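Have your viewer open and your selection tool ready.

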Amino acid sequence: MSPEENKAIIRRFYQRVVDGGELGAADEFYASDVELHFPGIPEDPYGPGPVRQLFAMVRTAFPDIRVTIEDLVAERDKVVARVTFRGPHQGSGMGISGTRPLAAWTRIDIFRLYEGLIV
């Protein structure tokens, strides 16, 4: 797939899974044998299940979370996204008390795609 097609896949991922809360849609974007690399986690999880778990935890604490794609760069099979997550903190979780009215954080995600799936 072209870099532009890969960027479109990543845009749809953020729109559906993060903004839309369609956690089950992670299966449509991630290969079943994907190996994920999350900072601070000693053992790399496999499969789209950990992605669903991560965003379920995020949406529990921030049910109205929205993501803004600040930068999206693609070359060959890689897409790099600099994104900002914003939302009112309405629950407990992620080590933050429920008293914080608005939270925002920026992160950089690096994806590799193969045949339209994140691997």
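**Stop one: the core**

Begin with the largest nonpolar core, which has 28 residues; select Ile-10, Phe-13, Tyr-14, Phe-29, Tyr-30, Phe-85 and Phe-111, those with the most contacts inside it. Such a core is a set of buried Ala, Val, Leu, Ile, Met, Phe, Trp, Tyr and Cys residues joined through side-chain atoms within 4.5 Å, where buried means under 20% relative accessible area, exposed over 50% and partly exposed in between (1.4 Å probe, protein chains only). At least two residues of this core come from each of helix H1 (3–19), helix H2 (26–29), H3, strand E1 (66–75), strand E2 (78–87) and strand E3 (103–114). H1 gives the most, with 6 residues. Helices (H or I, at least four residues) and strands (E, at least two) are DSSP runs, numbered from the N terminus.

Before moving on, note that this is a predicted model: local features need pLDDT of at least 70, side-chain atom pairs count only at pLDDT 80 or more, and totals for chains, interfaces and linings use all residues. Residues are numbered from 1 along each chain as its sequence is written, and side-chain values use heavy atoms, with hydrogens and water left out.

Now centre on Tyr-14. Leaving out residues up to four places away in sequence, Tyr-14 touches Asp-19, Val-67, Ile-69, Ala-81, Val-83, Phe-85, Asp-109 and Phe-111 (contact means heavy atoms within 4.5 Å).

**Stop two: the sheet**

Next, show the strands. They form an open sheet of 4 strands in the order E1-E2-E3-E4, with antiparallel pairing; two strands pair if DSSP finds at least two bridges between them. E1 and strand E4 (117–118) are the edges, each pairing on one side only.

- E1 and E2 are joined by 9 bridges; pick Val-73 to find Val-80 of E2 opposite.
- E2 and E3 pair over 10 bridges; here Lys-78 faces Arg-112 in E3.
- E3 and E4 share 2 bridges, and Tyr-114 has Leu-117 in E4 as its bridge partner.

Zoom in on the hairpin of E3 and E4, with 2 residues between the strands: Glu-115 in the turn has a positive phi of about 50°.

**Stop three: Arg-59**

Finally, select Arg-59 in helix H3 (residues 49–61). Which side chain of opposite charge is nearest to Arg-59? It is Asp-64, 5.8 Å away, and the buried Arg-59 has no salt bridge (a side-chain nitrogen of Lys or Arg within 4 Å of a carboxyl oxygen of Asp or Glu). Look instead at the backbone oxygen of Val-18, which is 2.6 Å from a polar atom of the Arg-59 side chain.

Methods
Lys, Arg positive; Asp, Glu negative; His and termini not counted. Polar contact = N/O pair within 3.5 Å; in protein donor to acceptor, adjacent residues only side chain to side chain.
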